[in-house]
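User: I am new to this structure and would like to learn how its features are read. Please take me through them step by step.

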Amino acid sequence: MDQLIRGYIHTFYSDSRIMFSLSVLLLTLVLLNSRLLISAETVVTCDGFVQYLSCGTGVISVQSATYGRTSGQICSVGRPQSQISNTWCSINVPMIFKRCNGLRTCGLNTQGLSTPDPCFGTYKYYTTNYICITAETSVTCHGGYGYLKCKHGKIQINTANYGRTDKTTCSQGRPSQQLQNTNCFSPNALDFVSKSCNGLEICEVYATHMIFTDPCFGTYKYLAISYFCLPHRIHSRIVCEHETSALTCEHGTVIHIQSANYGRTDSSTCSNGRPPAQLSKTDCYTLNSQTVVASRCEGKSSCSILASNSVFSDPCVGTFKYLNISYSCGSK
């Protein structure tokens, strides 16, 4: 496994303000099954400026996103000591995960992006860790049909949204007022598309509010999907919260993690005996699930993994969660 570490810092001046943007290319990993090329990057953006995430190849998969201050040096130029002395200030920002996952480029105006304020009076910054993963993409304007296809393997949905996250996609001939809301997400898109297409070689999805909840009335919407083509022999494990499961491969082969999420994306899995209040949130994700599982299991002939907040953190307090893993067995 080759590793490449490289860093570069840019400082921008605008209206007598200083924007500090830190971008560090942490590593390049080529999975041994040759399915994914993964590069990891960390972007730090001072509060009030635009944060840009981009993948030259593949799509964005946010691993973690925080807002606050953990260093007295970052985004400190021109700031009084009272605004940079508190370095124990950090909260998670799930909106970055929601807005950017599955896109090739993503620009976010950080002004007012995170609420509540984790440390009033402190000048803060956003730190986002993301990887670029090779994935197929499909964008279908409202009223059209999206076609997903895997020539070799089966479909595994990565992200899906029916709504609008920019002003340019599916905008031709549309009045300006139908394009302004770029914070538009359908809550059931991922669940529906996953249930409809996962495991198939070809899948057709109709982009309409008759199937997906209309998240922003009056806005012209589109269906954006990113997906993998997984090898045919994929093993899957569902591990309910507080339980442990073993991943195993045949003699002479080792585990390659394809996908993982600790959270909840439907109301039926691991639901026995649970009250509805613990099952209703179905857009629950732990940003670094795949990284955590891979660190314990990748390249091994067998491993055990505990589905627990102590291992993955708690992405949705009060929801009963489960760990969903897909993996293959291949050569070392």
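Predicted model: local features only at pLDDT ≥ 70, side-chain atom pairs only at ≥ 80, totals over all residues.

User: To begin with, what is the order of strands in the open sheet that contains β9?

Analyst: Residues are numbered from 1 along each chain as its sequence is written, and side-chain values use heavy atoms, with hydrogens and water left out. In general, strands of a sheet pair through backbone hydrogen bonds, either parallel or antiparallel. Here the order is β9-β13-β11, an open sheet of three strands with antiparallel pairing. Strands (E, at least two residues) and helices (H or I, at least four residues) are DSSP runs numbered from the N terminus, and two strands pair if DSSP finds at least two bridges between them. At the edges stand β9 (136-141) and β11 (154-163), each pairing on one side only.

User: How many bridges join β9 to β13?

Analyst: Six bridges link β9 with β13 (residues 222-230), in the antiparallel sense. Within this pairing, Val 139 has Ala 224 of β13 as its bridge partner.

User: Which helix lies across β11 and β13?

Analyst: That is α2 (residues 189-197), which runs at about 150 degrees to β11. Such angles run from 0 to 180 degrees between N-to-C directions, with axes as lines fitted to C-alpha atoms, for helices over the stretch in contact. Contact means heavy atoms within 4.5 Å.

User: In the open sheet with the order β14-β18-β16, why is one side of β14 and of β16 left without a neighbour?

Analyst: This sheet of three strands has antiparallel pairing. Because β14 (235-240) and β16 (254-263) stand at its edges with a single partner strand each, one side of each has no neighbour in the sheet. Neighbouring strands are turned by 20 degrees against each other on average, direction ignored. Between β16 and β18 (residues 322-330) there are nine bridges; Ile 255, for instance, is partnered by Cys 329 in β18. Helix α3 (residues 289-297) packs on the sheet, touching β16 and β18, and its direction makes about 145 degrees with that of β16.

User: What is the phi of Cys 75, and is this residue buried or exposed?

Analyst: Most residues other than glycine have a negative phi. Cys 75 has a positive value, near 50 degrees, and is placed in the loop between β5 (59-69) and β6 (89-92). Its relative accessibility is 6%, so Cys 75 counts as buried; buried means under 20% relative accessible area, exposed over 50%, and partly exposed in between (1.4 Å probe, protein chains only). Cys 270, in the loop between β16 and α3, also has a positive phi near 50 degrees and is buried at 12%.

User: Which residues does Thr 319 touch?

Analyst: Thr 319, in the loop between α4 (309-312) and β18, is buried with a relative accessible area of 7%. Not counting residues up to four places away in sequence, Thr 319 touches Glu 241, Arg 264, Gln 278 and Lys 281.

User: How many residues are in the largest nonpolar core?

Analyst: A nonpolar core is a set of buried Ala, Val, Leu, Ile, Met, Phe, Trp, Tyr and Cys residues joined through side-chain atoms within 4.5 Å. The largest one has 18 residues, and its largest share, four residues, comes from β5. Ile 96 is among the residues with the most contacts inside this core.
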